[in-house]
Amino acid sequence: MSDINKRPLKVALHGVDSRAIKIMAMYFQGLCHGAALLVADHENADVDMFDGDVLASKKILETYLQEQLIRPVIVLSLQDIAQDGVLYIKKPVNVDDMLRVIADAKKLISKVTKKALIY
């Protein structure tokens with residue numbers, strides 16, 4: 001894995017429609033100045049992102065959280081989320097919160113990568 005701090009965070013967006021995917025891609029590219037990008041191939045993602053208010057996404061998230069997390073999870077929601085291993089952004093999403101969570105996700109990934117290299 002390349003140095004996570006030198007490249008955009010690769011995000012897999014789950015359970016949302018094509019319109020939401022386009023909006024999020026433009027949000028990352030424009031307002032977030034390329035700090036993250038959406039990837040279609042979930043296997044190559046650094047993080048998984050869910051919309052906690054969309055039924056399809058919420059169902060996938062519930063199933064996903066029942067298993068061992070293999071990478072950080074970001075949830076966008078109107079409701080507060082208090083779940084271990086989940087980075088939460090309250091809607092409506094603002095740029096500062098998104099950039100903070102992107103930075104937090106990169107820190108988590110760096111920690112895991114360093115631990116894996118030690119063992």
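Colleague: Which side chains meet Asp48 and Arg71 in this way, and how should I read such a pair?

Modeller: The general idea is that a side-chain nitrogen of Lys or Arg lies within 4 Å of a carboxyl oxygen of Asp or Glu. In this predicted model, the side chains of Asp48 and Arg71 meet each other at 2.7 Å, N to O. The pair links distant parts of the chain, with Asp48 in strand 3 and Arg71 in the loop between helix 2 and strand 4, 23 residues apart.

Colleague: Are Asp48 and Arg71 buried or exposed?

Modeller: Both Asp48 and Arg71 are buried.

Colleague: Where in the chain do Asp53 and Lys91 lie?

Modeller: Their side chains form a salt bridge at 3.1 Å, N to O; Asp53 sits in the loop between strand 3 and helix 2, and Lys91 in the loop between strand 5 and helix 3, 38 residues apart. Asp53 is partly exposed, with a relative accessible area of 33%, and a network of salt bridges links Asp51, Asp53 and Lys91.

Colleague: What separates Arg100 and Asp104 in helix 3?

Modeller: These two residues are 4 apart in helix 3, about one helical turn, and the closest N and O atoms of their salt bridge are 3.6 Å apart. Arg100 is partly exposed at 40% relative accessible area, and Asp104 is partly exposed at 25%.

Colleague: How many salt bridges does the count come to?

Modeller: The count comes to 7 salt bridges, in a chain with 16 positive and 15 negative side chains, the centres of the two sets lying 4 Å apart.

Conventions:
Residues are numbered from 1 along each chain as its sequence is written. This is a predicted model: local features need pLDDT of at least 70, side-chain atom pairs count only at pLDDT 80 or more; totals for chains, interfaces and linings use all residues. Side-chain values use heavy atoms; hydrogens and water are left out. Lys and Arg count as positive and Asp and Glu as negative; His and the chain ends are not counted. The place of a charge is taken as NZ of Lys, CZ of Arg, CG of Asp or CD of Glu. Buried means under 20% relative accessible area, exposed over 50%, partly exposed in between (1.4 Å probe, protein chains only).
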